[in-house]
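Okay, thanks for making time, everyone.

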Amino acid sequence: MTLNARLDHRNPLVFDTHELGRRPGALQRLSRTVDAPADFGIAGVIGVPEGAPVEFELRLESVMEGVLVTGTVRAKAEGECVRCLEPLEQQLEADFQELFSYPDADDRGRVIAEPGDDAEDDEDRLFLEDGLFDLEPVLRDAVVLALPMQPVCQEDCAGLCSECGVRLADDPDHHHDAVDIRWAALQGLADTMSDGEKDEMSGAEPGVDEKQEK
């Protein structure tokens, strides 16, 4: 069971259901824009920046067990492409639905003496507190589920060159000539040898070519 502790009605993500009442079938629709809280997304990957506008529409419905909240949240998420490491933005839209139970009713709407008589059933339930509910944990879950675990700037992003790190989308013809590492080693050795050493390896005496020219 999840009981909210001392909810503040001034919090823009806390809603009052007193106007809705406890008559099953009663409806209330709400629209609101709030500033995104901190860490609103997937940490270190992509998320909605703190303070950015978050828009959502809600439908509150009174049912036997409590208040059924259905809604849609919209915001702009920011992150980094996992392939080319360039910054990216993504429009986010996620739907959610959650039941906030009356503290004095079980899942069949029957009045019970104390909430939490069945610990297993209550473990994942959310409860109203004095007619208030906090939407933030529900929004967080909806946003995380809607965001990609591996965001990319575009589906066909080619990423970075594995050899030099250049962004391949900026240079489609970028490539490196393949060199046989065995010949590369010999070439490196030849570059470090003196002319005399090269003549000795070729079997000619130093200066022979110069004498022949004279």
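So, first thing: how far is the sulfur of Cys84 from the closest cysteine sulfur, and which residue is that sulfur in? The partner is Cys81, and the gap is 3.7 Å, which is too far for a bond. Keep in mind that this is a predicted model.

Okay, the overall picture. We've got 214 residues in the protein chain, and 30% of them count as buried. There are nine strands and five helices. Reading from the N terminus, the order goes β-β-β-β-β-β-β-α-β-β-α-α-α-α.

How confident is the predictor? The chain's average pLDDT is 80, and 67% of the residues score at least 70. Among the elements, the highest mean is 97, for strand β6, residues 66-80. At the other end you have helix α5, residues 208-213, which has the lowest mean, 52.

Now the aromatics. The count here is three aromatic pairs. One of them is Phe15 with Phe133, and that pair is stacked, with the ring centres 5.4 Å apart and 15° between the planes. Phe15 sits in strand β1, residues 14-16, while Phe133 sits in strand β9, residues 132-134, so this pair ties together parts of the chain 118 residues apart in sequence. Both of these phenylalanines, Phe15 and Phe133, are buried. If you follow the ring pairs along, they link Phe15, Phe56, Phe100 and Phe133 into a cluster.

Let me move on to the largest pocket. What's the space in there? About 180 Å³. The lining has Thr17, His18, Gly21, Arg22 and Val67, then Tyr102, Pro103 and Asp104, and finally Leu128, Glu129, Asp130 and Gly131. By type, that lining splits into four charged, four polar and four nonpolar residues.

Most residues other than glycine have a negative phi. Asp130 isn't a glycine, but its phi is positive, about 55°. You'll find Asp130 in the loop between β8, residues 126-127, and β9. Is Asp130 buried or exposed? Exposed, with a relative accessible area of 64%.

Asp39 is another one to look at. Here too phi is positive, near 55°, in a residue other than glycine. Asp39 lies in the loop between β2, residues 27-35, and β3, residues 40-42. And Asp39 is exposed, at 69% relative accessible area.

Last bit: some residues that are separated along the chain and what their C-alpha distances look like.

Start with Glu78, which is in strand β6. Eleven residues along the chain separate Glu78 from Glu89, and their C-alpha atoms are 4.6 Å apart. Glu78 is partly exposed, at 39% relative accessible area.

Next, Ala94, in strand β7, residues 87-101. Which spacing goes with Ala94 and Ala142, in sequence and in space? In sequence they're 48 residues apart, and C-alpha to C-alpha it's 6.1 Å. Ala94 counts as buried, with 5% relative accessibility.

And finally Gly51, in the loop between β4, residues 46-48, and β5, residues 53-62. From Gly51 to Asp35 it's 16 residues in sequence and 4.5 Å in space, C-alpha to C-alpha. Gly51 counts as partly exposed, at 38% relative accessibility.

Okay, that's what I've got. Over to you.

Technical notes
Residues numbered from 1 in each chain as written. Predicted model: local features only at pLDDT ≥ 70, side-chain atom pairs only at ≥ 80, totals over all residues. Heavy atoms only, no water. Disulfide = S-S within 2.5 Å. 1 Å grid on protein atoms, 1.4 Å probe; cavity = no way out; pocket = protein on both sides within 12 Å on 5 of 7 lines; lining within 4 Å. Points joined across faces, edges and corners; volume = space filled by probe spheres on them. Nonpolar A, V, L, I, M, F, W, Y, C, P; charged D, E, K, R; others polar. pLDDT = per-residue confidence, 0-100. Helix = DSSP H or I, 4+ residues; strand = E, 2+ residues; numbered from the N terminus. Phe/Tyr/Trp six-rings, centres within 6.5 Å; stacked < 30°, edge-to-face > 60°. Buried < 20%, exposed > 50% of the residue type's maximum accessible area, 1.4 Å probe, protein only.
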